[in-house]
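User: I would like to go through this model with you. Could we start with the overall fold and then look at particular regions?

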Amino acid sequence: MPVPEYPSGTVRALLGTEHVSEATRAALQERLDEPATYEPQFLAPESFALLEAVAGRLFPQPDRIEQPIALAPAVDQRLASGRADGWRYDVLPPDREAMRMGLGGIQEIAHALFQADFMALVAPQQDAVLQSLADGRPPGAVWQTLDPGRFFEDLLAELTEFYYAHPLAQEEIGYVGMADLPAWTKIGLNEKEDREPAVS
């Protein structure tokens, strides 16, 4: 099977071209220029740090140890602004309440399994905590009232959305769909626009 070749800087190289709208360029550039530090606006500092740690296990970025794509700030900003997708699972409370409860529930799992805070655990233990949550039957009082499977699904979906909305993650998978101003003219089987990554 051919292996895709994703040139370094594909997305960044296209940002300065006529292929990208001003609005898209501004949004993607803002994500590239995010400051290295962030002060939480909605979550308490300890809850925000926990969310960062959880995101770090769900989306490990060993190639970006110095400056990984930060996912927790986007979640915190969304919660602070009150934005939502316009729907939620009927078994979950509103987003803000669900996030606070869920993060507290993750701490409960960590204490039940390893008698320590999530952030004090080593990576395999943290993974075991999150696996317990994903499996849908974690220990802890919170999970008697908060559906663990739906909470985990919702959290993972949101982190995935924010991760792949970042230009560096888009470059990893060769995504250039944002460069759509000239339209897509090569729509036949295995046809590629000149601006798309090649497959060898």
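User: In what order do the elements of the protein chain run from the N terminus on?
Analyst: This is a predicted model. In it, the elements run α-α-α-α-α-α-α-α from the N terminus. The count is eight helices and zero strands.

User: What box do the C-alpha atoms fill?
Analyst: Taken along the principal axes, the box is roughly 55 × 40 × 35 Å.

User: And how much of the chain is buried?
Analyst: Buried residues account for 36% of the 200 residues. The accessible surface of the chain is about 11,500 Å², and 53% of that belongs to carbon and sulfur atoms.

User: What share of the contacts join residues at least 24 apart?
Analyst: That share is 64%, among contacts between residues at least 6 apart in sequence.

User: Turning to helix H4, why is it described as largely enclosed by the rest of the structure?
Analyst: Helix H4 spans residues 72-81, and seven of its ten residues are buried, so the rest of the structure largely encloses it. The buried residues are Ala72, Pro73, Ala74, Val75, Asp76, Arg78 and Leu79.

User: What covers them?
Analyst: The cover for the buried residues of H4 includes helix H3 (45-58), helix H5 (95-114) and helix H7 (148-164).

User: New topic: which residues make the nonpolar surface patch?
Analyst: Tyr164, Ile173 and Tyr175 make a nonpolar surface patch of about 280 Å². Of these, Tyr175 is located in the segment after helix H8 (167-173).

User: How is the accessibility of Tyr175 classed, and why?
Analyst: Tyr175 counts as partly exposed because its relative accessibility is 39%, and that class lies between the 20% and 50% limits.

User: Where is Glu196?
Analyst: Glu196 also lies in the segment after H8. With a relative accessibility of 23%, Glu196 counts as partly exposed.

User: What does Glu196 touch, leaving out residues up to four places away in sequence?
Analyst: On that basis, Glu196 touches Val176, Trp184 and Glu191.

User: Which backbone atom does the side chain of Glu196 reach?
Analyst: The side chain of Glu196 reaches the backbone nitrogen of Glu193, at 2.8 Å.

User: Finally, what separates the C-alpha atoms of Glu196 and Val11?
Analyst: Their C-alpha atoms are separated by 9.9 Å, while Glu196 and Val11 are 185 residues apart along the chain.

Terms used:
Residues numbered from 1 in each chain as written. Predicted model: local features only at pLDDT ≥ 70, side-chain atom pairs only at ≥ 80, totals over all residues. Heavy atoms only, no water. Buried < 20%, exposed > 50% of the residue type's maximum accessible area, 1.4 Å probe, protein only. Helix = DSSP H or I, 4+ residues; strand = E, 2+ residues; numbered from the N terminus. Contact = heavy atoms within 4.5 Å. Patch = residues over 30% accessible without salt bridge, like charges linked within 9 Å, V, L, I, M, F, W, Y side chains within 5 Å. Areas by Shrake-Rupley, 256 points an atom, 1.4 Å probe, with all protein chains shown as cover. Salt bridge = Lys/Arg side-chain N within 4 Å of Asp/Glu carboxyl O. Polar contact = N/O pair within 3.5 Å; in protein donor to acceptor, adjacent residues only side chain to side chain.
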